[in-house]
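This briefing concerns helix packing, nonpolar cores and backbone geometry. Please consult the sequence and the structure shown here alongside the points that follow.

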Amino acid sequence: MDNLLHASVSQLRREIEYLDFRPGQLPWARRVAEGDHDVLRELAKALRACHRLTVEPYWDRGRSELVALSTRSASLMLEGGVDLLLRSVCAPQVRWRPPVLEAPYPRRVDVHLEGRGLIITPTVFSKHPVSFLWDPLDTAQPPRLTVPALRRPLAGTGAAESDGATVRNLESLLGRTRAAALRVTAEGCTTSELARRLNVTAAAASQHATVLRDTGLITTSRRGGSVLHLITPLGLALLWTGALTQP
């Protein structure tokens, strides 16, 4: 919202000029393009309302997916550097042919980074598998390559969206060992590390991790020959409440 309200008139015009509007909407669109503050505040208010309905109910799960993808990307960087990371970005839609990264686009265009870098942006709401966002008139800002972060469809987590299975899973979580397991994943750990910290068998540690993952409190990603468990924002929020701070 801040970006919208503080956008320059030239940027607003570039964003608006290629959009199609119905005849009755043209006067309003022109006022947006001219940077009319009253209209921009009206647009910001509408976007906030849209966010509450279409994004907010799904955000906890969506952010968990983003955390998982970030963890996997960091592991790839450690294992094989930028080359391995770029080769793993949304294949086969995106192809890394050094020194060129190829991505689908409505028309053929060559974008030279010229030292600006490239921002890889995982998305959870885009209907397009891959998008390339760049402003040919702004050579200072790095382009963005958006790639999907989801491995499964999102389910809402608001009060109206909760279901019996989630409630039962969360109830099964409220035990001493799993509370300790959740605290351990705040630092990141493998299954064997979790078993050692909890003083349980690897099979028991894996079962605890499965329950935590099914409730959206941790994510699990592969790291070499093992898996890495990492707490999600929802899991952190549960720890922050103090509900699981007692050993």
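N199 is exposed, its relative accessible area being 70%. The structure is a predicted model. N199 belongs to the loop between helix 8 and helix 9, and its phi is near 60°, a positive value in a residue other than glycine.

**Backbone geometry**

- Most residues other than glycine have a negative phi, and most peptide bonds are trans.
- A positive phi in a residue other than glycine also occurs at E114, where the value is near 50°.
- E114 is located in the loop that runs between strand 2 and strand 3 (119-123).
- With a relative accessible area of 71%, E114 is exposed, because a value over 50% counts as exposed.
- The peptide bond from P98 to P99 is cis, and its omega is near 5°.
- P99 sits in the loop between strand 1 (95-97) and strand 2 (100-102).

**Packing of helix 7 and helix 8**

- Two packed helices are described by the angle between their axes and the distance between the axes.
- Helix 7 (residues 176-185) packs with helix 8 (residues 191-198) at an angle of about 130°, and their axes are 10 Å apart.
- Helix 7 is therefore oblique to helix 8.
- The two helices, helix 7 and helix 8, form a right-handed crossing.
- Sorted by class, the contact of helix 7 with helix 8 comprises 5 nonpolar, 1 polar and 1 charged residues.

**Nonpolar cores**

- In soluble globular proteins, nonpolar side chains tend to be buried together.
- The largest nonpolar core has 14 residues, and those with the most contacts inside it are A181, L182, L194, L198, L212 and I218.
- Helix 7, helix 8 and helix 9 (202-214) are the elements that give two or more residues to this core.
- Helix 7 supplies the largest share of this core, 4 residues.

**Links between the topics**

Key: Residues are numbered from 1 along each chain as its sequence is written. This is a predicted model: local features need pLDDT of at least 70, side-chain atom pairs count only at pLDDT 80 or more; totals for chains, interfaces and linings use all residues. Side-chain values use heavy atoms; hydrogens and water are left out. Axes are lines fitted to C-alpha atoms, for helices over the stretch in contact, and angles run from 0 to 180 degrees between N-to-C directions. Angles under 35 degrees count as roughly parallel, over 145 as roughly antiparallel, 65 to 115 as roughly perpendicular and the rest as oblique. A crossing is left-handed if the near helix is turned anticlockwise from the far one by less than a right angle, and right-handed if clockwise. Ala, Val, Leu, Ile, Met, Phe, Trp, Tyr, Cys and Pro count as nonpolar, Asp, Glu, Lys and Arg as charged, and the others, Gly among them, as polar. A nonpolar core is a set of buried Ala, Val, Leu, Ile, Met, Phe, Trp, Tyr and Cys residues joined through side-chain atoms within 4.5 Å. Buried means under 20% relative accessible area, exposed over 50%, partly exposed in between (1.4 Å probe, protein chains only).
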